[in-house]
Amino acid sequence: MYCFPIRDSDYGCLLTDTEAIKTADFKELPNGNYEITIVLNSEKTPEAVTDKHSTVAPSNHGAIFQPLPKKVIDDVLKMDIVAAITEDVEFSYTYHDCKVVVEYEPETNHIIMVKQISHVTITGSGRVTLIRLNVKKQEYINEMHVINIEY
């Protein structure tokens, strides 16, 4: 699939660096399945996987989430219509407290449900037409639920 679990990847998780994990929890559910919860440490401008056959992710968040690559934003800023009304745009973003919750069924060795919650802090400045904008901080939260997975 194109966007699950990692965009453009044949793999469900490429995270191998345990130092990237802020917290992890594992519990057995009443139905006999397991719930695994992982929260990652903050990461500035993480990159997504770009090669579906890659076995290594370019960033910790890219190993388990679908972070928006900086290049995508830069390319939008270069588009004719956007470039015509903006100038001196600078921005940065940090993914933080991003959590993935997985329900795993041990009898079938299948993932039943995946929930991902991404928190992104964005800062920036620039000029839009005649207005100077300084974004001290804004918060972006993205939540994705994947259910009814068929094998």
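Tutor: Happy to, and we begin with strand pairing: two strands pair if DSSP finds at least two bridges between them. Helices (H or I, at least four residues) and strands (E, at least two) are DSSP runs, numbered from the N terminus. This is a predicted model, in which local features need pLDDT of at least 70 and side-chain atom pairs count only at pLDDT 80 or more, while totals for chains, interfaces and linings use all residues. Residues are numbered from 1 along each chain as its sequence is written, and side-chain values use heavy atoms, with hydrogens and water left out.

Student: In what order do the elements of the chain run from the N terminus on?

Tutor: The chain has two helices and six strands. Read from the N terminus, the order of these elements is β-β-β-α-α-β-β-β.

Student: What percentage of the residues of the chain count as buried?

Tutor: We call a residue buried under 20% relative accessible area, exposed over 50%, and partly exposed in between (1.4 Å probe, protein chains only). The C-alpha trace spans about 60 × 30 × 30 Å along its principal axes. Of the 151 residues in the chain, the buried share is 31%.

Student: How many bridges join S5 to strand S6?

Tutor: Strand S6 covers residues 131–146 and runs antiparallel to S5. The number of bridges joining S5 to S6 is 14.

Student: Is isoleucine 117 buried or exposed?

Tutor: Isoleucine 117 sits in strand S5. Contact means heavy atoms within 4.5 Å, and, not counting residues up to four places away in sequence, isoleucine 117 touches Phe65, Asp97, Cys98, Lys99, Ile141, Asn142 and Glu143. Its C-alpha atom is separated by 8.8 Å from that of histidine 145, 28 residues apart along the chain. Because its relative accessible area is 14%, isoleucine 117 counts as buried.

Student: Which residue's side chain does a polar contact of 2.7 Å join to threonine 121?

Tutor: Threonine 121 is found in strand S5, residues 110–128, and is buried, with a relative accessible area of 18%. Leaving aside neighbours within four places in sequence, its contacts include Tyr93, His96 and Lys137. A polar contact is a pair of N or O atoms within 3.5 Å; within protein, one must be able to donate a hydrogen and the other to accept it, and residues adjacent in sequence count only if both atoms are side-chain atoms. The side-chain partner of threonine 121 at 2.7 Å is glutamate 139.

Student: Why is strand S2 largely enclosed by the rest of the structure?

Tutor: Strand S2 runs antiparallel to strand S1 (residues 21–28), and seven bridges join them. Six bridges join S2 to strand S4 (residues 86–105), again antiparallel, and threonine 37 stands opposite valine 101 in S4. S2 (residues 34–40) is largely enclosed because the buried part of its seven residues numbers five.

Student: Which residue takes a positive phi near 90 degrees in the hairpin of S1 and S2?

Tutor: Glutamate 28 has tyrosine 34 in S2 as its bridge partner. The hairpin has five residues between the strands, and the residue with a positive phi near 90 degrees is glycine 32.

Student: Where does threonine 45 lie?

Tutor: Threonine 45 has a positive phi of about 50 degrees although it is not a glycine. Threonine 45 is also partly exposed, with a relative accessible area of 23%. Its place is the loop between strand S3 (43–44) and helix H1 (70–78).

Student: In which strand does aspartate 97 lie?

Tutor: Aspartate 97 has a positive phi of about 50 degrees although it is not a glycine. With a relative accessible area of 34%, aspartate 97 is partly exposed. The strand that holds aspartate 97 is S4.

Student: Is isoleucine 81 buried or exposed?

Tutor: Isoleucine 81 is placed in helix H2, residues 80–85. Because its relative accessible area is 61%, isoleucine 81 counts as exposed.
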